[in-house]
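My notes follow in the order in which I checked things.

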Amino acid sequence: MRSVLAAVTLCFSTCLTTPLQAETSAMSEPAPTLTFERVFGSPGLDGPAPRQVKLSPDGRWLTLLRNRADDRERYDLWGYDTQTRAWRMLVDSEKLGSGRELSEDEKMQRERARVAGLKGIITYQWANDSAGVLVPLDGDLFLARLDGSAQRLTDTEETELNPKLSSKGRFVSFVRDRQLWVGAVGAAAVPVTPKEGELIRWGEAEFVAQEEMARLQGYWWSPDDSRIVVQRTDEAPVGVVTRAAIGATGTKVFDQRYPVAGSANAIVDLFVMDPDGGNKVKIDLGPDPDPDIYVARVDWAPDGSAIYVQRQNRAQTVLDMLKVDPRTGASQVWFTEKAARPDYWINLSDNYRFLKDGSLLWWSERSGYGQFYRFDGSTWAPLTSGSAPASDLVGVNEGEGSFFFRRIDNVLTGQIYRASLAGESAPVLLTDPAFTYAASMDGAGKNLILTRSAPDQPPQHLLADSAGKPVMWIEENALSGDHPYAPYLAGHVMPEFGTIPAEDGTPLHWMMLKPAMEPGKQYPVFFSHYGGPGPQMVTKGWGGTLAQAVVDKGYIYFVLDNRGSANRGVDFEQPIYRAMGGVEVRDQKKGAEFLKTLPFVDPAKIAIYGWSYGGYMTLKQLEADPGLYAAGISGAPVTRWELYDTHYTERFMGDPRQVPEAYAKASAIPDATKISDPLLLIHGMADDNVVFENSSELISVLQESNTPFEMMLYPGYTHRVSGLKIGPHVWNSIFRFLAAHGVTPPAE
């Protein structure tokens, strides 16, 4: 990839400066009020938001998906030619696309991949010879050339799902109508798996793999294009959930195979076959059939000599790495990973790499914190250590004997490090601690693609060499005069950070944004939370402009990360084990009690807000502590965990058939009638993730008990209730609700 690194030199001594320093020093006029209409409008206030930054195999092109200034959710394919040093649009999604409605299967896949709100091109893949790019668009496939031409590969009413170019680029493959199709590039594709009815799917990941395991693929090409591993999914054991997608002018009813906690999962088998479907061999995954295992990951050895399958038990406390013979399908357990403690689980990840010498670079929480190890088939060698968790594998450079990873430093920032594959020296910091980073690399581990931000700098994207030295801006996103956020810079509020102790003394990190305050006055608090396992809400990165709009309304914006959230180690996450709705609620209560001690906070005006798990938290907090909060907003809440899926729920709560008492205690339904503070319930009426039954059951209980509450329902919207008009409607509704109940700023 040396052509990329040598192509461009920029002056970074002046570019990499304190973000708001130059802009805010020259400002004297007050900023206009930041409205919710502007927050959700175009162009996006965060600036350009490139996705899927990649380097062409020959190193000449840097490509990305760039959203439009006049339509922030539509993406086109752009490329930077390192020879001409010029950007140009390679594929115009509006000109090439048909604009037709996506199939229900593709809509659901996009929901799983969290890209349901995007339009145009959402993914692409470089051809191995760097002559073109495979582009899925509006349900069909195109091979786009660098001269601006595009060859249509499919033209069907059905949608082509999960399209891929094979490892060597000789074949195009995709899933259509529950079958895997394969064809030589430029030739018609044909089905290579049988059609077995509505309940058998070939080449697709099952629901829980997509939704909860971050595994979106259901087939895998060998390195030499000679064989394919293909998943066969039998959904017959899975219970049917009748989901009503209630729209504005009608209702569609879907009988969805949805494995609720405590019920049967789909049966997953793996087969190895030739590209034409011949010479098919079944992989031995263990007891046959065994519905109580999960196929978590599938990989080929770099030389194609073996297939590796990560098999997880249903309790998600044991993960076996199976080594499979591609010729026979025979398998053996290469090693076993167990949960770091008996009352914990295994967090799946993509933080591993099979190396050319047959060893494995592997991420594990066995020490109590996520760290990297190297396994040679018999022994484990630690490569990183300490209490700062390694959160992501960024890349590997086997030639130089190094790998790159993201580490969480001081809890609140992510930094990029280089470390030795031999464990010979301490990791080396490559990035600037003034920012928080995410990163990816090319396959050879020679070029870093960095994304960085700070509380006063929206995300910037740059290309750096393997030493972390900046080479070129991909998207500088400078807060200059023409930036969409420039008119609002004078009113930008910098967050404050701090900690409070949990009941056991554990430090809980918080973030606060304050409006302009007058001495002696007290202000209401908009207390936002998620609370569930996984997302970390308090970081020293760019927080977006929604919080700024809340502050512009005269509210203090406050967030607290409770125990159970990520990036603090096993012992910090563990307390939610079989106890959802308990420790998180108590930790958030500590946050409210802390706020009430502050002289500028109105203790009678602390409102809580959350969506999804956060919506569940709102309900549990109002139930647990009547009178503590002035009001609560619950968006798309889970109300009974028996209604949610197996893999997510049982990971933390266990199987409800075995621990029904844990589920009963965690439910938001039994104590719903204890809610005495104002409640606003919000839900999309076509939600296929947290199905609307969660809210309808709660609504019924509250109505039948004559418990007052308010609700705002959105016909046709799924778990994501957002957009140009709907987003402002949601947030204006929230603040009208707060105003109606007296949760307002002090009079001027």
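In which sense do strand β8 and β9 pair, and over how many bridges? I find that β8 (residues 140–145) and β9 pair in the antiparallel sense over three bridges. I take strands as paired if DSSP finds at least two bridges between them. Helices (H or I, at least four residues) and strands (E, at least two) are DSSP runs, numbered from the N terminus.

Ground rules next. This is a predicted model, in which local features need pLDDT of at least 70 and side-chain atom pairs count only at pLDDT 80 or more, while totals for chains, interfaces and linings use all residues. Residues are numbered from 1 along each chain as its sequence is written, and side-chain values use heavy atoms, with hydrogens and water left out.

**Entry: the sheet around β8**

I looked up the bridge partner of leucine 143 and found glutamine 151 in β9. I then traced the whole sheet. Four strands form an open sheet in the order β6-β7-β8-β9, with antiparallel pairing. β6 (125–126) and β9 (150–152) stand at the edges with a single partner strand each, so one side of each has no neighbour in the sheet.

I went on to β30 (residues 402–409). Seven of its eight residues are buried, so the strand is largely enclosed by the rest of the structure. Here buried means under 20% relative accessible area, exposed over 50%, and partly exposed in between (1.4 Å probe, protein chains only).

Six bridges join β29 (residues 390–397) to β30, and the two run antiparallel. Asparagine 397 has serine 402 in β30 as its bridge partner. Serine 402 also stands opposite serine 420 in β31. I count eight bridges between β30 and β31 (residues 413–420), again listed as antiparallel.

I checked both hairpins for phi. The hairpin of β29 and β30 has four residues between the strands, and glycine 401 there takes a positive phi near 70°. The hairpin of β30 and β31 has three residues between the strands, and asparagine 410 takes a positive phi near 55°.

**Entry: other backbone points**

I found a cis peptide bond from serine 42 to proline 43, with omega near -5°. Proline 43 sits in the loop between α4 (36–39) and β1 (51–55).

Next I looked at the loop between β11 (171–176) and β12 (179–184), which holds aspartate 177. Aspartate 177 is not a glycine, yet its phi is positive, near 50°. It is partly exposed, with a relative accessible area of 36%. Arginine 178 is in the loop between β11 and β12 as well. Its phi is positive too, near 70°. At 15% relative accessibility, arginine 178 counts as buried.

**Entry: α6**

I listed the buried residues of α6 (residues 104–112): Glu106, Met108, Gln109, Arg110, Glu111 and Arg112. Their cover includes β5 (119–120), β10 (161–165), α7 (207–212) and β17 (240–246). After α6 comes arginine 114, with a positive phi near 60°.

**Entry: arginine 257**

I placed arginine 257 in strand β18 (residues 251–257). At 24% relative accessibility, arginine 257 counts as partly exposed. Leaving aside neighbours within four places in sequence, it is in contact (heavy atoms within 4.5 Å) with Leu199, Glu235, Ala236, Val238, Gly239 and Val240. The C-alpha atoms of arginine 257 and valine 238 are separated by 5.7 Å, at 19 residues apart along the chain.

**Entry: α10 against α11**

I looked up the packing of α10 (residues 583–596) and α11 (residues 613–624). Their angle is about 75° and their axes are 10 Å apart. Axes are lines fitted to C-alpha atoms, for helices over the stretch in contact, and angles run from 0 to 180 degrees between N-to-C directions. The two helices are therefore roughly perpendicular (65 to 115 degrees). Glu584, Val585 and Gln588 in α10 meet Tyr613, Met617, Lys620, Gln621 and Ala624 in α11.

**Entry: the cores**

I ended with the nonpolar cores, meaning sets of buried Ala, Val, Leu, Ile, Met, Phe, Trp, Tyr and Cys residues joined through side-chain atoms within 4.5 Å. The largest has 68 residues, and those with the most contacts inside it are Met512, Phe527, Phe558, Met580, Leu595 and Trp641. Apart from it lies another core, of 42 residues, among them Val39, Leu45, Tyr714 and Phe737.

Definitions and conventions: Parallel < 35°, antiparallel > 145°, perpendicular 65-115°, else oblique.
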